[in-house]
Structure formats: C-alpha cells, structure tokens
Amino acid sequence: MATSRRHLRDRVIGAGIAHGSLASPAEFQNGSLQERARLEEPDLARPSRGASRQHSSMNSQRAKARALEAEIAALRRACIETQAPGDDDSQVRKSFQETHQSNSEEWGLSKDLRSHLGSLESELQFLSRLTGISIRNYCKNTEDLTNTEMAEKSIKKVLQRHRLSGNCHMITFQLEFQILEIQDKESLSSVITDLSIIMEPTEYSELSEFVSRAEEKRDLLMFFRSLRFFVEWCDYRKRTFKHFKEKYPEAVQLSEGASSSCMGIRNPSQPGFELVIVWRIQIDEEGKVLPKLDLLTKVPLRALELDKNRVIETAPLSFRTLLGVLGIEATLESLIKSFCTEESS
C-alpha cells in the first residue's frame, strides 16, 4: 500500500517537471497540482500551432527569393548576350575620361579668365587714380569687311565700332569712334576713321574749341592727355582763388565763386580803383595745356592823368614779368599786399 502511494506521487511530480513547474509539498498535499496542470494545458497547446504557421511562412519567403534570383540570373545572361565582350566597359571608361578632361580644361580656362580679369581691373583702377579718368560704360561691335579677293591674298579687314562714356574729375564725356584694322602676312595697321565727342555742358568755355579740333584730327590720345592736364589746371586755379579769398576776404572779390576765371582786387580805402586778374587755361594746336594770366586795371580818369610815370599803363607787362620770376601764387600775394596796404593808399 505504501509502495503504491509513493509510486503515484513520483508520477505526479514528474508530470509537473515536464510541464515546467514543480509543485511545493503544500500544493501537493492540498490537491491543487491537478487544478494547476489543468489550467496550463491550453497555453502549452498554442506554441505548437504558432510554430507551424511560422514554418509555413518561411517556406513561402524562400520560394519567392529563389524565383527572384532566377529572374536576375536570366536578365544578366540576356545583357551579356546582346553586347560584345568589353564594349560597355571601354565606352564607359572613354566617356569618363573625356568628361574628366573637359571639366579639367574648362576649370583651368575659367580660373585663368578670372585671374586675367582681376589683373585688368587692378590695372584700370591704377590708371584711373593716376590719370583721373574713369570709364563707366563701354561697348564694342566688330564687322568683318574681308572679301573673297582679300581672303585669297591672306588679307583680313575688320571694322571696330566703339562707344564709351566716363568722366575726368568733374567733366563728363561720351565718345564714339571707329577703328579700321588691316592685317596681312607681314603687318597689322590700325587707323581711326571717325571720332565723335560729346561733352556735358560746363562752365569751361575753353573746351569747346579743343573738342572740335580733336574730332577733326581724330586724335584720341591728344583728347585724353589734354583733358587730364586741363582739369588739373582748373582745379589748381580754383584752389588758388579760394585760398586768397579766405586770406583777404575784404580785398579779394570772386564774382562767379571759386570756379571763376577772374579775381578782383580792391582797396576799401580807395573806391573806384580795382585790379582784375584774368586766368585762362589754353590748349594749343598740339594739345599742350598752358595757363595764361593777364592783369587788367580799372582806375578813374583823373588817376590816369596824374600818372606821369605810366605805372598804370605798364602794369600788365610788369605783371607778366613778375609771373616769370616769382610764379603764380607769389605774384598774386605780392600784388594784393602792395595794392591794399596803407602805404599804397
């Protein structure tokens, strides 16, 4: 009897271990082992069905993968059969080399152009500072005039049309000119065939005659060179008149402001007496710019009658002699002091 009971207990414990849980002695004695085994039976059955479904899904995926691999292999065989061996690789390498070479050449050319453009801009800025001439706008058109007979003799004839605008300090201008170039095997010749100069209205009347002369001679170099020196002399005259006006405000009179070409000198204690300095800036036939200063006198008739030594009459000639000895600024300073001091009065 005791042997039968032990045997039954071992079978129940073994069943519990097989199910993954080991009952305690208290659970065994209370008879709960059978109830727990009964409750866990459905959970043990489910993993078995899930494993079956998972196995079926994996088989289906393997079948699809094998089908895709077979299709890829067939496509590869078709590509190899339609192309000659090595053609595709050589074409790809050749295309790559040509593209790389083209890109390298374009990059090098672009780099050279940017460097050359920067150098030209620097030179242009330097010339603008040096000459005072700035070019704002420029355009150029080219026309090939070479005919068949010229081409047979290796002669090239080209007409260039240029248009530009700019300024030299406060003076603005516009230029239109044509250049005819003739080139053969041995030489190249260029000549300006037409020149038109448009100047903005200014207070400098001396420029109109000079511009007409430059257009007639079609001399661009003379125009730019003379214009630069003319403007420099105008600026110097303006600064000189302004200096004496500020230094002798009561004696010096500028009827047209600092840009005037005339400066009057008056003695406040001697009304009716006045000296006038006329400062012109002339441009000769060759384009040389020269200042020309003259002295004019305004005195009452009675003073002329009393001037037995002809001082007033010879004053302009003495003024020019003094200019050659002292220069412009020193001569004007000396004239103002001698005319406006109490001793001269």
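The model is predicted, so local features need pLDDT of at least 70 and side-chain atom pairs count only at pLDDT 80 or more, while totals for chains, interfaces and linings use all residues. Residues are numbered from 1 along each chain as its sequence is written, and side-chain values use heavy atoms, with hydrogens and water left out.

**Overall picture**

- The chain has 10 helices and 8 strands; these are DSSP runs numbered from the N terminus, with helices being H or I of at least four residues and strands being E of at least two.
- Of the 345 residues, 22% are buried (buried is under 20% relative accessible area, exposed is over 50%, and partly exposed is in between, using a 1.4 Å probe and protein chains only).
- Take the contacts between residues at least 6 apart in sequence: 46% of them join residues at least 24 apart (contact means heavy atoms within 4.5 Å).

**Helices 6 and 7**

- Helix 6 (residues 206-217) and helix 7 (residues 220-247) have axes that come within 11 Å and cross at roughly 170 degrees; axes are lines fitted to C-alpha atoms, for helices over the stretch in contact, and angles run from 0 to 180 degrees between N-to-C directions.
- That makes helix 6 and helix 7 roughly antiparallel to each other (under 35 degrees is roughly parallel, over 145 roughly antiparallel, 65 to 115 roughly perpendicular, and the rest oblique).
- On the helix 6 side, Glu206, Leu207, Phe210, Ala214 and Lys217 do the touching, and they meet Met222, Phe223, Ser226, Leu227, Phe230 and Arg237 of helix 7.

**Strand 2**

- Ser165 sits in strand 2 (residues 156-168) and is buried, at 10% relative accessible area.
- Leaving out residues up to four places away in sequence, the contacts of Ser165 include Ser134, Arg136 and Phe173.
- Asn167 is also in strand 2, and is buried at 17% relative accessible area.
- Asn167 and Ser134 are 33 residues apart in sequence, yet their C-alpha atoms are 5.5 Å apart.

**Salt bridges**

- The count is 12 salt bridges, each a side-chain nitrogen of Lys or Arg within 4 Å of a carboxyl oxygen of Asp or Glu.
- Within helix 6, Glu209 and Arg213 are 4 residues apart, about one turn, and their side chains pair up at 3.7 Å, N to O.
- Glu209 is exposed at 56% relative accessibility, whereas Arg213 is buried at 8%.
- Glu285 joins Glu209 and Arg213 in a network of salt bridges.
- Glu333 bridges to Lys247, with the closest N and O atoms 3.0 Å apart; this pair ties helix 10 (residues 328-340) to helix 7 across 86 residues.
- Glu333 is buried at 15% relative accessibility, and Lys247 is partly exposed at 43%.
- Arg320 pairs with Asp294, closest N and O atoms 2.9 Å apart, linking helix 9 (residues 311-326) with strand 8 (residues 289-298).

**Surface patch**

- Phe126, Leu127 and Leu130 make a nonpolar surface patch with about 290 Å² of accessible area together.
- Patches take residues with over 30% relative accessible area and no salt bridge, joining like charges within 9 Å and nonpolar side chains (Val, Leu, Ile, Met, Phe, Trp, Tyr) within 5 Å.
- Phe126 belongs to helix 4 (residues 87-131) and is partly exposed, at 47%.

Definitions and conventions: Accessible areas come from the Shrake-Rupley method with a 1.4 Å probe; for residues, only the protein chains shown count as cover.
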